[in-house]
Amino acid sequence: MKKVILFNFNGTIVNTKLLAIDIFNEIAKKQGYKKISEEEVLHLSTLSIRDRCKTLNVPIYKMPLVGIAIKRRYQTFIPNLTPVLEISEMLKELKKQGYKLGFLTSNKKDATNKFLINNSINIFNYSHYTFNPFSKSKDISVFLKNNKLKKEEVIYIGDELRDIKAAKKNGLLCVGVAWGYDSLDLLKTGDADFVAKQPKDILDILSGA
């Protein structure tokens, strides 16, 4: 039986990083936080969420609220965003090879469906929607339970250190991808089972997993 490949959505499948930064800067201007300059983006990707908060003068306890506010604001943009370069081809190849595909997201269902249809990748077998973008460990657990899947049947793919930690906590094999929110070096601190530098690497990884 082919495994289920479960993707984190934003940052892994769809490019949301620059949009999230723009919206954060709007919030920062109103709340008195430090805005993110173009020159700081790469450096921030190497930092933990806690250290990013320190750098941007955001109280750590407010970060979940800031994350939810960002997600809420960019829902209107989601349908018209583009997938990560070459991710569509990779997804279709996985489907062709017999894998079942799923995703976790805190996006709204309607916006997500429009994005998938607009980009001709409405090919997922499973989906899990959540309100809180900071509840990934619980979301993975609920996803497994709701779909009656064993941890050995699922491989998780995400772009952030917290993706790796959530997958590990649930006993899943996991792949960290280097094209999203967190840097390759930061992803490696979470002991991901595999790291993909570009979407086609996932095909090679799964062929040997």
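Which residues of strand β3 lie on the covered face, and which on the uncovered one? In this predicted model, local features require pLDDT of at least 70 and side-chain atom pairs pLDDT 80 or more, whereas totals for chains, interfaces and linings use all residues. Residues are numbered from 1 along each chain as its sequence is written, and side-chain values use heavy atoms, without hydrogens and water.

Strand β3 (residues 126-129) directs Y126 and H128 to the covered face and S127 and Y129 to the uncovered one. Strands (E, at least two residues) and helices (H or I, at least four) are DSSP runs numbered from the N terminus. Strand β2 (residues 100-105) pairs with β3 in the parallel sense over 4 bridges, pairing requiring at least two DSSP bridges.

Helix α5 (residues 87-96) and helix α10 (residues 199-208) have axes that come within 8 Å and cross at roughly 25°; the axes are lines fitted to C-alpha atoms over the stretch in contact, with angles from 0 to 180 degrees between N-to-C directions. Helix α5 is therefore roughly parallel to α10, a term for angles under 35 degrees. In contact (heavy atoms within 4.5 Å), I87, M90, E93 and L94 of α5 meet P199, I202, L203 and L206 of α10.

In helix α4 (residues 63-73), the buried residues are M63, V66, G67, I68, A69, I70 and K71, buried denoting under 20% relative accessible area with a 1.4 Å probe and protein chains only. These buried residues of α4 pack against α1 (17-31) and α3 (49-56).

How values were computed
Buried < 20%, exposed > 50% of the residue type's maximum accessible area, 1.4 Å probe, protein only. Parallel < 35°, antiparallel > 145°, perpendicular 65-115°, else oblique.
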